[in-house]
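Dear colleague,

Please find below the structure that I am handing over to you. My findings follow it, arranged so that you may check each one on the display.

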Amino acid sequence: MPKPRDLRVRSFQFAVDVVRFARSVALDDAALRRLALQLIDSVGSVGANLEEAAAGQTKRDFIAKTCIALKEARESRFWLRLIAASEPTVKERAQPLHAESSEIVAMLIPAIKTARSNPTRGQSQD
């Protein structure tokens, strides 16, 4: 099944997948639980900031929120790498999530560049 192209839809599904992953890895280990909570915070922020960007009042607001989403996607990728390196038994399950975080990062970068380079994007066409 192809992945959705809409970043908001995709980031929401990514967050759902991460929550499921985090629940499974954090059951009996306090350190992994802490890392999993950090991961949930950052991945949730990706989607939340993209939702805010979509409702941005100005082009500047859109770009700022999308830049925050990019930072949070990169942070999510870090937490996934750390969890996988700290607990090798979950490395295989973390890999698709790590790949998805990289794909989201790769989608956000050109979205930001396009918004910055297009002088009329986000302006009223009245």
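At its relative accessibility, does Asp-61 count as buried, partly exposed or exposed? The model is predicted, and in it Asp-61 has a relative accessibility of 22%, so this residue counts as partly exposed. Buried would require a value under 20%. Lys-65 is likewise partly exposed, at 22%. Asp-61 and Lys-65 form a salt bridge, with 3.4 Å between the closest N and O atoms. Both residues belong to helix H3 (residues 59-86) and stand four residues apart, about one turn of the helix.

As for the overall fold, the chain contains four helices and zero strands. Of its 126 residues, 37% count as buried. Among contacts between residues at least 6 apart in sequence, 71% join residues at least 24 apart.

The structure holds four salt bridges. One of them joins the side chains of Arg-8 and Glu-51, at 3.6 Å from N to O. Arg-8 lies in helix H1 (residues 7-25) and Glu-51 in helix H2 (residues 30-54), so the pair ties together parts that are 43 residues apart in sequence. Arg-8 is partly exposed at 33% relative accessibility, and Glu-51 is partly exposed at 41%.

Another salt bridge pairs Arg-10 with Glu-100, whose closest N and O atoms are 2.6 Å apart. This pair links helix H1 to helix H4 (residues 91-117), across 90 residues. Both Arg-10 and Glu-100 are buried. Together with Glu-103, they are linked in a network of salt bridges.

Yours sincerely

Note on methods:
Residues are numbered from 1 along each chain as its sequence is written. This is a predicted model: local features need pLDDT of at least 70, side-chain atom pairs count only at pLDDT 80 or more; totals for chains, interfaces and linings use all residues. Side-chain values use heavy atoms; hydrogens and water are left out. Helices (H or I, at least four residues) and strands (E, at least two) are DSSP runs, numbered from the N terminus. Buried means under 20% relative accessible area, exposed over 50%, partly exposed in between (1.4 Å probe, protein chains only). Contact means heavy atoms within 4.5 Å.
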